[in-house]
Amino acid sequence: MLKNYIKIAWRNLRKHKLYSIINITGLSVGVACSMLIFLYVSNELSYDNFHENGSNIYRATREGKLGDNEFSFPFTPAPLASVLKEEVPEIEQAVRLRKFGSFSVKRPNMEQSFKEKSLMFADSGFFELFTFPLKEGNPEKQFREPNTIAISETIAQKYFPNESALNQSLVLDGRETYVITAVYEDFPSNSHFSVDFLISMANLPTANRTSFTSNNFYTYFAVQPGADPAEVSTKVNQVVNKYLAPQIYEFMGKTMEELSASGNYYVIEIQSLKDVYLNSDYTVDIAIMGNIDVVILFSVIAIFIIILACINFMNLSTARSANRSKEVGVRKALGSRKSHLVRQFLIESVLVSLISFSIGLFLVVLLMPAFNDITGKNLSLPQYDFGFILLFILSGITVGIMAGIYPAFYLSSFKPVETLKGKVSLGTGNVVIRSGLVVFQFFISILLIIGTIAIYQQLQFIQNKDLGYTKEQVILVQDAYMLNDQRQSFKEQVSTLSKVESVSYSGFLPVSGYNRSDNTFWKEGEQPNEDNVVGTQIWSVDYDYLDTYQMELVSGRNFKLGSSADSSAVIVNETAFREFGFTDFEADNYIETNAFDPETGKFSSEKFDKFRVIGVVKDFHYESLKNDIGPLALSLNSSSSVLAVRLDSDEIQNSLSEIEAIWNTIDPTLPFSYSFLDSEFNAMYNAESRLSKILTVFAGLAIFIGCLGLFALASFMAEQRTKEIGIRKVLGASISGIVFMLSKQFSKLVIIAFVLAVPLAWWGISKWLEGYTYKISVGWGLFLWAGLAAFLIAWLTVAYQSIKVAKSNPVDSLKSE
């Protein structure tokens, strides 16, 4: 019987080629999209699942408020890890990590250095806390001594091909030599942080600080199995307050209780390791993180796209019911039961589904490189995984049953007497259901169109926003500090090039990923308290910083070359000027902060560093537009990791060659590396750009699937009304009138879908834009453009078939009457 069902199903597919092709094409595209999304979502959800003790590992973060200053960071104080391990019984292991920027690496006997970008400082116990297997070395003995380093397998093969790297040496930045004590397997791609070099924390001077008011380290710890996270969190904060309270009192003269009574707080939050990647939304973090909202969005899109393809099948199956009504009548008259007919129609549906899934799998293989390029992933099909194969087959069968179950019961419910007498309506049964399904298809398509347009407009807004500086035509020469005492000579030689307008040294750049240093300041002469302390970024710059970045000085003056007084001067931005309580710019405006005592490792409560405010710079965006512009001060200090070179023309390539030639003249053994300021700016919005591209693709495919079904449905409905159209033409109906008549029904459905989609789209866009301080306004134009696009696409889809039928000769359709 099964063989007979399959044979009949195959014959029906071959007999109705157009509808079979439309069904299979739509479902294949839907399967391919959903499978790509499934692979992406699975990868996102798999982050950090490989750690053996992952369910017991947490990360400490901090949240707080002091006066008008609120903060939320993943950084914690230097001594936190050690005190937690000693004083919280449930905590078994705790380690700190500290990121480091790019650096040069070479073997001691090599002349040429190589630039590397992936380094962290780590405490001993790192390889005991995390599951990163070692190829060489003892995990329990790592990072106990200074000048020891662990490297990845890839780096070991790069610097020590065909030999063991263990106990060999590497020279970093041409200064210090490190002994390799371990070689570890490359971190999995689904680790939320990944590095090629791990250096002993003993080499970092700030690691020994005892201050709980300075925060620069990522702290991870493991608790005992079965420990209650809420109880651990309470004990962690009790321990922190024990050490923090005296330091706060020494600094501000107030107890933690007094500060809390005024609405201030300082809390250490604990974050499960498996939540770090998808549930962290910090301005700066240990690595670029994912977003659980995007994962949910893509999952919903995948489900909807499959539903859209299934709707095509259901709509066409029910619309073509008249064509199969006599078949059903004959079968029932010859003794077939309803259950037999249901099985027959379900097998047809499952056959279409399995064929579509097979083609969809081929499309996934074909599209995978492009999809990886858009998402920045390295996904692949787990074709040798039995679980995947089983899931693939079961999904094909399930989708086939879902798509075919309604048409199967609908078609099998026909009464043989009525069908054999021709009393079944020609494809007009259950019009309401079919119309509802078409509305749903375009409802989803319009949502995706609106979302795509909104993200595109926000990205355009970001690109065209006045940032307070000019990002174009600025070359960033990286790692200039490696030139040591030749740095000033390099700057002077570059500044003499014909196309160079201005040159500036600073590691503090107005884009994410570069140096940041925050401190608390207050107006001179005031006692620091929660009402007057201002959390301020303090950046080290040189005399040419403002000119190179083309920042506008609104009051006061710039730093003067050769002025010794400017060593204790600052230029503040407008936000800082307001928050310090200054009203008019005066020469005697001063701000203060606690001086750092290197002997105690704390900030002194008796000694202060005083800075004179000599100028006010116009507010400029130095972080993502998701954030407000915070208080910032520029100070005249050495920070030579990056040389910014502003050009006065767009002849960038020639200038680059000239700059590189100067670099190589000074030290040809050092790698010359550069980037562009506008590219660094754009990189801050890679996630939004990728989301826009992916939504554009999926919106287009959703519309394509919907239009396939609409085209087939319109074709069939026009076919059923051929005689009616012939009579209308004989009676004088125009082609345009007939086209309007046939298109009117579908146009109404698109309009209904638009009306239903707009409120949900408005809510979704508004929620997404809440993440941006600076954003577009959601106006009616956005929705009207999306609705117009959907209406035009739908109308063109239907109009093609309508015009074809309207232009046909009425004699051909009426000659049999």
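**Note on helix H3 and its contact with H6**

1. The buried residues of H3 pack against strand S1 (57-66), strand S3 (76-77), strand S4 (91-100), strand S13 (215-223) and H6. Contact means heavy atoms within 4.5 Å; helices (H or I, at least four residues) and strands (E, at least two) are DSSP runs, numbered from the N terminus. The buried residues in H3 are Leu 80, Ala 81, Val 83 and Leu 84, where buried means under 20% relative accessible area with a 1.4 Å probe, protein chains only.

2. The model is predicted, with local features requiring pLDDT of at least 70 and side-chain atom pairs pLDDT 80 or more, while totals for chains, interfaces and linings use all residues. Residues are numbered from 1 along each chain, and side-chain values use heavy atoms, without hydrogens and water.

3. Helix H3 spans residues 80-87 and helix H6 residues 229-252; their axes come within 10 Å and cross at roughly 120°. Axes are lines fitted to C-alpha atoms over the stretch in contact, with angles from 0 to 180 degrees between N-to-C directions.

4. On the H3 side, Leu 80, Val 83, Leu 84 and Glu 87 meet Val 236, Val 239, Val 240, Lys 242 and Tyr 243 of H6. These contact residues comprise 7 nonpolar, no polar and 2 charged; Ala, Val, Leu, Ile, Met, Phe, Trp, Tyr, Cys and Pro count as nonpolar, Asp, Glu, Lys and Arg as charged, and the others, Gly among them, as polar.

5. The protein as a whole has 24 helices and 25 strands. Of its 817 residues, 51% count as buried.

How values were computed
Buried < 20%, exposed > 50% of the residue type's maximum accessible area, 1.4 Å probe, protein only.
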